[in-house]
Amino acid sequence: MSLKMLNPNADVLNKNAALHMNINAAKGLQDVLKTNLGPKGTIKMLVGGAGDIKLTKDGNTLLKEMQIQNPTAIMIARTAVAQDDISGDGTTSTVLFIGELMKQSERYIDEGMHPRVLVDGFDIAKRATLEFLENFKTSVVMGNEPDKEMLKMVARTTVRTKLYEALADQLTDIVVNAVLCIRKPDEPIDLFMVEIMHMKHKFDVDTRLVEGLVLDHGSRHPDMKRRAENCYILTCNVSLEYEKSEVNAGFFYSNAEEREKMVTAERQQVDMKVQKIIELKNKVCSGNDSNFVIINQKGIDPPSLDLLARAGIIALRRAKRRNMERLVLACGGEAVNSVNDLTPECLGWAGLVYEHVLGEEKYTFVENVKNPNSCTILIKGPNDHTIAQIKDAVRDGLRAVKNTIEDEAVVLGAGAFEVAARQYLVNTIKKTVQGRAQLGVEAFADALLVIPKTLAENSGLDTQDVLIGLQAEHDQGNVVGLNHHTGEPVDPQIEGIFDNYSVKRQIVNSGPVIASQLLLVDEVIRAGRNMRKPS
């Protein structure tokens, strides 16, 4: 009432109405994403205002692309997107877990329980679950030679939830080899050194890993070779075109010869640079069948291209800056910013450089390089939405492999961790908690079961049967997950189903925090000042 006195236009939702608005928003978002979870999850079709279509199973893409109006749902969606930014996966699981925590809380709150008591229980359960996760994880020693099979299992588990099985298994090998290619001992892994390039061409199963680089442009001179073997590669950032002076100056000349002299003098500077490159080419390529390729970050004008073509040099201009870093890592040599001190040590080497023309697009492939520390995943597909789907899956797969190498630990998947943590909370922790906070621990424990429950539901199985079977096995001391084909309990270790440790930790950490904040809201007031900064 007091607020109405201050601002008659204010919208106020009091105690129960505010709480139920938050709970319903969380449940609503949960229902949208529920069917996406796991390898048997369904696909959502997002249609934009202009009629453009996006098919996706990736929770992160859905939450980013969907227009969400409800403020509570927006808050949950942001948490899930932050989860993706930090660990690369687990968006759908985060939303489901928050939704289920709210759903379990609703039962107790409707019976007259105060949210604060539940929140205290959540806090105890969260700390206990994180401790349990530390003991439950499986350590993996990475060292200088990581266990490739283990990395493949983790990547496969992630990628299969985004794509159909045959393609997912093919991409698994690609992402593992890509991360191992760019990995350097004692240095953090920089996933930007994996170029992701797409071509609308052939089928999705033609996607492959290029140990080298694919550039999305070709040479700009008709006389340059389209294919060359045994190539020296000069990576440079030198302007090989005539540039106007920064100072506006006028020249007066009295006859045509003087004008010719001036034009010659203007060109001379650029021609000298080109000549130095040609001299280096003659020095390293004379007496053998090697070729010479220049990849330049700045421009090369037509007269310079013509000089280079006559000398038998392949030249590419205006390469992306990021590709200059990748080129040096892939081919060796070093990137030069001046042509004054060119030596053969500056040059990289590639066994094969060729151009592929697709419609009006040109692609240049730099392959067969020695000891590459950078590579390209070349995604192919017949249409845009297939390519977009594969791109999302590849990104998540790369992050999964990177997380495993950095965590040096994995967690058993297929819902095994959730059921084990639930049994631990109910059988061990709940007995140590005094008073009504026990109910918060119980609500948290039941909420964890949303993952195996949803996996079973999406596979067309009976959720009650599945959960009873899994809990019975865990009570006997067997750590099992769900076989989504048969509904029987299965050992995830034998099946090779592993999740990322950092992803699980992040879900357990962030879910209860957001749920607790939403449960403690007792008034929603739409009377605040405009929070955007004045324009």
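Two strands count as paired if DSSP finds at least two bridges between them. By that rule, S7 and S12 are antiparallel partners, joined over 3 bridges, and Val214 has Phe365 in S12 as its bridge partner. Helices (H or I, at least four residues) and strands (E, at least two) are DSSP runs, numbered from the N terminus. Keep in mind that this is a predicted model, where local features need pLDDT of at least 70, side-chain atom pairs count only at pLDDT 80 or more, and totals for chains, interfaces and linings use all residues. Residues are numbered from 1 along each chain as its sequence is written, and side-chain values use heavy atoms, with hydrogens and water left out.

**The six-stranded sheet**

- S7 and S12 belong to an open sheet of 6 strands, ordered S7-S12-S11-S8-S9-S10, with mixed pairing.
- Which strands stand at the edges? They are strand S7 (213-215) and strand S10 (313-316); each has a single partner strand, so one side of each is left without a neighbour in the sheet.
- Neighbouring strands here are turned by 35° against each other on average, direction ignored. For angles in general, axes are lines fitted to C-alpha atoms (for helices over the stretch in contact), and angles run from 0 to 180 degrees between N-to-C directions.
- Helix H11 (residues 321-331) packs on this sheet and touches S7, strand S8 (227-236), strand S9 (291-296), S11 and S12. Contact means heavy atoms within 4.5 Å. The direction of H11 makes about 125° with that of S8.
- Strand S11 (residues 348-358) pairs with S12 over 8 bridges, in the antiparallel sense. Along that pairing, Val357 has Lys362 as its bridge partner, and Leu352 stands opposite Glu367.
- The hairpin of S11 and S12 has 2 residues between the strands, and Gly359 takes a positive phi near 60° there.

**Other strand pairings**

- A second open sheet has 3 strands in the order S4-S14-S17, with antiparallel pairing. Strand S4 (138-139) and strand S17 (498-500) are at its edges, each with a single partner strand, so one side of each is left without a neighbour in the sheet.
- Strand S14 (residues 409-412) and S17 run antiparallel, joined by 3 bridges; Val410 stands opposite Asn500.
- S5 and S13, on the other hand, run parallel and are joined by 7 bridges. Val194 has Cys375 in S13 as its bridge partner.
- Strand S5 (residues 194-200) is mostly covered, with 5 of its 7 residues buried. Buried means under 20% relative accessible area, exposed over 50%, and partly exposed in between (1.4 Å probe, protein chains only).

**Helix pairs**

- Helix H5 (residues 91-110) and helix H6 (residues 115-136) pack at about 135°, with their axes 10 Å apart. That makes H5 oblique to H6; angles under 35 degrees count as roughly parallel, over 145 as roughly antiparallel, 65 to 115 as roughly perpendicular and the rest as oblique.
- The H5 and H6 crossing is right-handed. A crossing gets that name if the near helix is turned clockwise from the far one by less than a right angle, and left-handed if anticlockwise.
- What meets what between H5 and H6? Leu101, Ser105, Tyr108 and Ile109 in H5 meet Pro115, Leu118 and Phe122 in H6. By class, the contact of H5 with H6 has 6 nonpolar residues, 1 polar and no charged.
- For those classes, Ala, Val, Leu, Ile, Met, Phe, Trp, Tyr, Cys and Pro count as nonpolar, Asp, Glu, Lys and Arg as charged, and the others, Gly among them, as polar.
- Helix H13 (residues 416-432) and helix H16 (residues 463-475) pack at about 65°, with their axes 10 Å apart, and their crossing is right-handed. Ala416, Val419, Ala420, Arg422, Gln423 and Asn427 of H13 make the contact with Leu470, Gln471, His474 and Asp475 of H16. That contact has 4 nonpolar, 4 polar and 2 charged residues.

**Residues to look at**

- Is Ser374 buried or exposed? Ser374 is buried, with a relative accessible area of 0%.
- Ser374 is in the loop between strand S12 (361-369) and strand S13 (375-381). Not counting residues up to four places away in sequence, Ser374 touches Cys181, Ile182, Met193, Gly212, Leu213, Arg326, Leu329 and Ala330.
- Most residues other than glycine have a negative phi.
- Asn230 in strand S8 has a positive phi of about 50° although it is not a glycine. Asn230 is partly exposed, at 28% relative accessible area.
- Arg318, in the loop between S10 and H11, also has a positive phi, near 50°.
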